[in-house]
Protein chains: 2
Amino acid sequence: MNILITSAGRRYKVVEYFKSHLNKYGGQVIATDLDINAPALYAADTYEIVPRITDDNYIETLINICKKYEVSGVFSLIDPELSVLIEYKQTFEEIGVTLITSNPTMIEMSLDKYKTYQYLNERDLPSVPTYITIEQVTQAISNNDLSYPLVAKPREGSSSLGIVTVYSFDQLGQLFKDHDNLVVQPFLKEKEYGIDVYVDLISHNITDIFIKEKLRMRAGETDKAISVKDYRIEKLILDFIEKTTYVGPLDIDCFEYNGNLYISEINPRFGGGYPHAHEMGIDFPERIINNLNGKANPDYSGLNYKENKVMMKYDNIMIK
Amino acid sequence: MNILITSAGRRYKVVEYFKSHLNKYGGQVIATDLDINAPALYAADTYEIVPRITDDNYIETLINICKKYEVSGVFSLIDPELSVLIEYKQTFEEIGVTLITSNPTMIEMSLDKYKTYQYLNERDLPSVPTYITIEQVTQAISNNDLSYPLVAKPREGSSSLGIVTVYSFDQLGQLFKDHDNLVVQPFLKEKEYGIDVYVDLISHNITDIFIKEKLRMRAGETDKAISVKDYRIEKLILDFIEKTTYVGPLDIDCFEYNGNLYISEINPRFGGGYPHAHEMGIDFPERIINNLNGKANPDYSGLNYKENKVMMKYDNIMIK
């Protein structure tokens with residue numbers, strides 16, 4: 001079995017994990033990126049340089065790569081590509097390729113911070129209060145539901161890009177004048193958790209949960225984290241998966257503030273912190289390969305990893 | 001022979017390079033940091049957690065570590081520690097430990113952007129014009145020596161921290177009101193180079209130059225770079241070393257603007273991009289070990305590496 005990983009970027013480890021599984025059975029990983037200097041390309045068995053995901057020829061290029069290498073499954077490692085790929089789910093299926101990702105509703109919701117808030121709110125799932133107009137914000141402040149400092153961010157942003165702390169009404173007014181599609185949220189973060197979840201593509205049941213507390217961020221990514229077994233978070237995630245229709249690998253961010261948990265972001269793909277889970281015995285590539293082979297994985301059986309294990313990232317280098 | 005590397009932080013590769021050399025002859029690397037979660041600690045043969053470099057007991061702690069492990073040489077991987085260590089050069093020498101670093105004058109100059117500018121300027125070495133008062137800036141603008149946008153940064157800062165682009169006189173006035181010890185420089189950067197240099201501790205002659213063009217930065221560090229053989233830069237570096245009294249490993253930053261080169265920063269220590277040089281055949285650890293063994297290294301013999309080789313960083317992870 002061969003698997004295609006698109007927009008591989010810096011995600012060397014994820015590519016490596018798949019390669020090590022697939023190579024055992026004569027399978028291969030093909031990785032793509034638009035940048036020949038994307039390190040993760042070189043963790044794959046083969047790589048191909050492709051156009052930008054917004055290019056008219058992008059999907060055709062991927063389809064040709066799938067045919068050339070007899071690919072069984074494909075997934076992307078970046079958010080903006082998820083909605084591009086899902087549009088062509090049927091096209092991929094027609095040539096026997098499974099798209100390893102959630103359905104369009106879940107993807108669309110995940111990419112939009114306001115829709116995420118509304119969706120979670122409607123289902124009694126705790127979310128970060130999110131406002132999209134200056135009137136909503138003013139109202140919430142006068143109701144004492146909200147106070148400065150606030151956080152403003154792009155409604156569809158990712159990687160901590162464009163996040164601004166807001167200290168005054170004047171600053172808020174200027175931001176709304178200068179930017180379309182902003183969301184405003186309270187600054188409620190005493191602790192931050194990242195949760196890796198796998199939902200079986202066949203049984204649609206959850207199979208794994210791995211919870212880490214983020215200790216240090218660097219360039220918008222978790223640089224250090226510690227594994228925790230927080231049963232409040234486990235319960236929240238099980239409830240969340242029950243009420244949504246996600247499948248495949250997921251990365252969910254949670255804040256803790258004043259003893260309460262808030263789901264802040266859902267990424268329907270491998271999270272940047274997945275290697276922490278993997279090195280501690282969780283194995284999403286194996287789950288995916290089983291699913292592509294037509295086998296459902298065993299249902300969830302608890303938090304099966306050691307607590308208090310710290311993950312530290314450090315630089316490796318490659319010369320090409 | 002045992003070597004102590006202090007403030008090891010994330011510099012896993014540098015520790016690893018020393019370890020691989022020393023272990024061949026029964027020697028060891030000892031690494032220290034104040035943070036048990038500093039990844040580079042775990043690349044060493046042994047590590048010790050130490051107080052903050054400003055702590056009253058810091059030097060005593062290092063001296064005790066040197067005695068405990070019969071250390072022959074010690075060096076730090078961060079700028080602020082250089083001036084702390086150099087004060088105790090004699091104390092280290094009395095117990096037979098060589099401080100692998102430059103003299104106090106060179107260290108003090110390197111840590112201060114305005115002194116660097118003055119020092120280079122006085123010696124006809126091309127430097128980035130640097131101003132420390134609003135009057136100097138206003139004067140330079142009215143003489144047409146300077147124009148917006150400008151760059152303001154902390155006079156003793158490092159790691160790209162606190163760098164602000166300045167677009168107007170009002171903004172500049174506010175910055176000088178809010179901050180002490182600012183420097184202002186023109187925004188002159190079309191290309192940026194990082195140069196790794198070794199000056200022999202015994203002969204005081206230069207032994208190696210490695211030049212890379214920086215292609216992409218991330219969290220204040222070079223993420224991607226390409227090796228170049230630029231003979232203008234080589235000439236500049238040879239001239240620079242002739243006119244200064246640096247010894248040991250150096251990391252020099254250069255800008256290119258309008259076809260002219262400007263030295264922008266001198267770090268009298270292993271640079272963050274050193275692994276690029278090392279993986280291409282340059283070997284500062286070997287130079288240092290020779291020097292500690294009382295042997296001078298051969299003098300500089302040209303740019304001995306391949307051009308157009310791209311270095312890419314990617315994340316490795318460790319669990320502890």
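This note goes through the core, the aromatic rings and the chain interface of a predicted model.

1. On conventions, residues are numbered from 1 along each chain as its sequence is written, and chains are lettered from A and ligands numbered from 1 in the order in which they are written. Because the model is predicted, local features need pLDDT of at least 70 and side-chain atom pairs count only at pLDDT 80 or more, while totals for chains, interfaces and linings use all residues, and side-chain values use heavy atoms, with hydrogens and water left out.

2. Leaving aside residues up to four places away in sequence, B:Ile195 touches (heavy atoms within 4.5 Å) a set of residues including B:Ile209, B:Phe210, B:Ile233, B:Leu250 and B:Cys254.

3. Over all chains there are 26 aromatic pairs, counted where ring centres of Phe, Tyr and Trp (its six-membered ring) lie within 6.5 Å, with planes under 30 degrees apart called stacked, over 60 edge-to-face and the rest tilted. One of these joins A:Tyr42 and A:Tyr47 edge-to-face, at 5.0 Å centre to centre and 70° between the planes. A:Tyr42 counts as buried because its relative accessibility is 17%, whereas A:Tyr47, at 32%, counts as partly exposed; the limits are under 20% for buried and over 50% for exposed, with partly exposed in between (1.4 Å probe, protein chains only).

4. Ring pairs also link a cluster in chain A, among its members A:Tyr17, A:Phe75, A:Tyr198 and A:Phe284.

5. Between chain B and chain A, about 3400 Å² is buried, 56% of it from carbon and sulfur atoms, where buried area is the accessible area (1.4 Å probe) lost on putting two parts together, summed over both. On the chain B side, B:Arg10, B:Met312 and B:Tyr314 lose the most area, together 25% of what that side buries.

6. Eight salt bridges are counted between chain B and chain A, each a side-chain nitrogen of Lys or Arg within 4 Å of a carboxyl oxygen of Asp or Glu. B:Arg10 forms a salt bridge with A:Asp223, their closest N and O atoms being 2.7 Å apart.
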